[in-house]
Amino acid sequence: MPKTVIQHVLGRLKDIGIDDIFGVAGDFAFPTQDAIVQYPGINWIGCCNELNAGYAADGYARVRGVSALSTTYGPGELGAISAIAGAYAENVPIFHLTGMPTRTAQHKRQVVHHTLGNGEFDFFAKMAGPVVCAQAIISPQNAVYETERLIDQAFYHRRPVYMAIPADVADQEVLGSAQPLDQPRSNPDNVNAATEAILSALDSAETACILPGMLAKRIGLQSRLQDFVDASGMPFATMFADKSVLDEQQPSFIGMYDGKLMNPDVRAYVESSDQVVTVGTLMTDFNTGAFTARLDPAKTIAIQHHYTRVGQQEFHDVEMGDILSSLTSRVKRRSKEISLHPASLGLATGNSSDAITAGALYPRWADFLRPDDIVIAETGTSSMGLAFAQMPKRATFYNQTLWGAIGWATPAAFGAAVAAPERRVVLFTGEGSHQETAQEISQMGRRGLKPTIFVLNNSGYLIERLLCKDPNIAYNDLAAWRYSELPHALGCEGWFTTRVTTCGELDQALQQAAQSSSASYIEVVTDEYAAPPLPQKLHESRDTLYAR
Ligand SMILES: Cc1ncc(C[n+]2csc(CCOP(=O)(O)OP(=O)(O)O)c2C)c(N)n1
Ligand SMILES: [Mg+2]
């Protein structure tokens, strides 16, 4: 049977590992969405709004490597654009399929709904332009070729792509064919030269360490990176955005590096190393302890996605995976005992009737985590506290350090749970962030997913209180919701829900959630200013953070 455009597109998305497509229905997207619902092996995952659908797709792609999102034209796709921009910033490949008015409507410049009423139809593709790495408006003639190109680009850049499908095009037969494009290959001479340069730099370095980066995980190179760590015998530290890119339960892990702000021992180790090998890291403000990290470029080996830099020398057309393999087979193993180990968050404080302080909360949260958990940590004080907990074996920690959109975590946890129903998803969110996208928990209930959700209720935007001039200024206050009643109101049947205000209640809730075979939703009430160390340090250094 001849294939339609949309059947072709969906077939290729299925081939690359997409089993679920997130979205919100809309008439210009009906032909696309009818096909999604009918496609064997692909599930339609309806969301409450397009922004949430974009975040859910982001969470899914972080776990699976790639995802897809379907929206309608104009108001639909623009609702998702901030999530797509976040995915761009954070190297998360998402296929954004948007349904457009028919080609006839476009050619006749008809004033149809979801347009600005001026007969223009390409504005929204233009708006998407800067936040995707490639885009196409599909026709029957270009469908096969453009699908391959977008797949190729999404994987090459590990960033979102945009595909607009006019309503009349989706069900047309595809015309033309194209071979799948090859993923780029390294120039072997350059890989060799880069390998030599790195080995020689390491040979003359008495001390050296690795900073593995989240990009390595996004590209799917964790095991190759682990092989390199093992073969080299070098210790590694990670920065905030890169947390858990490699298993944190291994002797090579020395802890979190956050410039001058945290862990002085780790900082001393990293900054005094004769060579630091970074692998796909980005030196952003929140990755470097507000730019207090000091890495001497002359002593830094930077392995990036498509090139490598050794001191001043750059080697282009060197793919990260190829240079890692080459190094692994040739690097000399350092046998020096690793003397530094990750600091623990300490023993939880607080007696049963005590209020929940940061010292009471974060060690308890850390203890709650178990092997293989997927931890989704929202921007705000909670992720800044948890980032310094050592993750259990194979547990992965996700946050959105660079884009930093509050509201990301709740739908991202939904997406992650769809992506990996066999793993426990644990969401940590501040209540201010949760207010942005809280309705998405209804989708978790609807699909029988069983996340554990902690909502930190500290009566406002604590991180902002700590960073702005007047902590008590009106814009940091929130409407007081009854958070623990939300699951019920949002149709989540059989969830364990509770609100805790003392350490004793918290302990009981943690125990119940750990044993529960249902989803859990725990509202944790603390004082307005109960903050873990990093936000306090940021508070103390806020003048330098913003005075640059
Ligand atoms: C989309 C978006 N809007 C606004 C901000 C600014 N912002 C950063 S953190 C924050 C407050 C977070 O508060 P909450 O979730 O309650 O966490 P807390 O710091 O109180 O633990 C805000 C408003 C943002 N990062 N993203
Ligand atoms: Mg708060």
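## The lining of the largest cavity

In this predicted model, helix H10 gives the most to the lining of the largest cavity, supplying 3 residues. Helix H10 covers residues 214–218, and together with strand S15, which covers 396–398, it belongs to the elements that each supply at least two residues of this lining.

The lining of the largest cavity consists of 13 residues, and those that lie nearest its centre are Met-214, Arg-218, Ala-241, Phe-397 and Tyr-398. When the lining residues of the largest cavity are sorted by class, 6 are nonpolar, 6 are charged and 1 is polar.

## Number and volume of the cavities

Searching the whole structure for cavities of 30 Å³ or more gives 3 of them.

Around the second largest cavity, the lining is made up of Glu-77, Leu-78, Ile-81, Ile-84, His-96, Phe-124, Ala-128, Val-131, Val-132 and Tyr-162. Three helices, namely H4 (75–79), H5 (81–89) and H7 (123–128), are the elements that give two or more residues to the lining of this second largest cavity.

By class, the lining of the second largest cavity has 8 nonpolar residues, with 1 polar and 1 charged residue besides. The lining of the largest cavity, for its part, has 6 nonpolar and 6 charged residues.

Notes
Residues numbered from 1 in each chain as written. Chains lettered and ligands numbered in written order. Predicted model: local features only at pLDDT ≥ 70, side-chain atom pairs only at ≥ 80, totals over all residues. Heavy atoms only, no water. 1 Å grid on protein atoms, 1.4 Å probe; cavity = no way out; pocket = protein on both sides within 12 Å on 5 of 7 lines; lining within 4 Å. Points joined across faces, edges and corners; volume = space filled by probe spheres on them. Helix = DSSP H or I, 4+ residues; strand = E, 2+ residues; numbered from the N terminus. Nonpolar A, V, L, I, M, F, W, Y, C, P; charged D, E, K, R; others polar.
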